[in-house]
Amino acid sequence: MSVMGGTILLAVLAVLIIWIIASCIRIVPQATAIVVERFGAYQATWDVGIHFKAPFIDRVAKKVTLKEQVVDFPPQPVITKDNVTMQIDTVVFFQITDPKLYTYGVEEPIMAIGNLTATTLRNIIGDMELDETLTSREVINTSMRATLDQATDPWGIKVGRVELKNIILPEDIQNSMERQMKAERERRAVILSAEGEKKSAVLRAEGKKESAVLEAQAEKEAAILRADAAREKMVREAQGRAEAIRTTQQATADGIRMIKEAGADQSVLALKTLEVWPSVANGRATKIIIPSEIQNMAGLVESIKEIATDSNIEPAAEDETGPDKE
């Protein structure tokens, strides 16, 4: 019995020793830190890896996660500068940067951050009016983050971001804002309609103006074309008359030159002159004065009589009125 009892005792002691050794070995995972105390005082902070502690004198005071954490705090009542009470809930993103300060800095860090967030939010919103609060979320977030980061630094906490999750307004304020927005939308609709009508009227007026301008230009161009056509016609007619006159003059000049070249005497020239009188007598004149030089031509008496008979030409006599008087 004594031998069996000794064996059991040794087995129990062996198991106890193995358990003690195993409890002294700790493996710290990634993004985790362990705060170790010896005799109740801070001893060390274990990072990632395997660590050994002294049995019975060392103990794990706190296991801290180093990941970024998110805390959603419930809505907090705040009052604006124009005495409007609203409910605002916030979301805080933070990360533990110093496990020792986080362990010994504050008793309940999350509750402390929540209370600090509420007081900071009240201070910031208290300096703003309702409209400014609703349109300045980014300003509020930035101010709260700066204040919380500075306040939680002694606790080993780094506040990375603060967001206003929701702003809950009183029901009467919501109804008033809805009516205001409805009136604003109606006003914008009326303005847009008026602007549309104005632009339409302007476009119609510009269209009429352009049409009138185009019609005036067309009429002007047509008048210019008509004037050009009339001018060209007159020029052609004038050129035709000038050409006819030039042809007649040229023919007359050629005839005179041919007569001159043929050596015609005074009798021939007088005879050619008499050939003109029948055409002259065909007009309204009933009497034609014939120069006395032609009357004295003895060889042309019979021709003069025939011409006078056909054309009612009366020879002129040399009387006291002179040779060229009727």
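**Patch and salt bridges**

Mentor: Helix 1 (2-23), strand 1 (25-28) and strand 4 (49-52) each supply at least two residues of the nonpolar patch. Helices (H or I, at least four residues) and strands (E, at least two) are DSSP runs, numbered from the N terminus. This is a predicted model: local features need pLDDT of at least 70, side-chain atom pairs pLDDT 80 or more, while totals for chains, interfaces and linings use all residues. Residues are numbered from 1 along each chain as its sequence is written, and side-chain values use heavy atoms, without hydrogens and water.

Trainee: Which element gives the most to the nonpolar patch?

Mentor: Patches join residues with over 30% relative accessible area and no salt bridge: like charges within 9 Å, nonpolar side chains (Val, Leu, Ile, Met, Phe, Trp, Tyr) within 5 Å. Areas are Shrake-Rupley values with a 1.4 Å probe, and for residues only the protein chains shown count as cover. Here helix 1 gives the most, seven residues. The patch covers about 1,200 Å², and Leu 10 and Trp 19 are among its residues.

Trainee: Is Leu 10 buried or exposed?

Mentor: Buried means under 20% relative accessible area, exposed over 50%, partly exposed in between (1.4 Å probe, protein chains only). Leu 10, in helix 1, is exposed at 59%.

Trainee: How many salt bridges are there?

Mentor: A salt bridge puts a side-chain nitrogen of Lys or Arg within 4 Å of a carboxyl oxygen of Asp or Glu. The count is ten. In one of them, Arg 59 and Glu 37 have their closest N and O atoms 2.8 Å apart. Arg 59 lies in strand 5 (residues 58-65) and Glu 37 in strand 2 (residues 32-38), so this pair ties together parts 22 residues apart in sequence. Glu 37 is buried at 7%, whereas Arg 59 is partly exposed at 45%.
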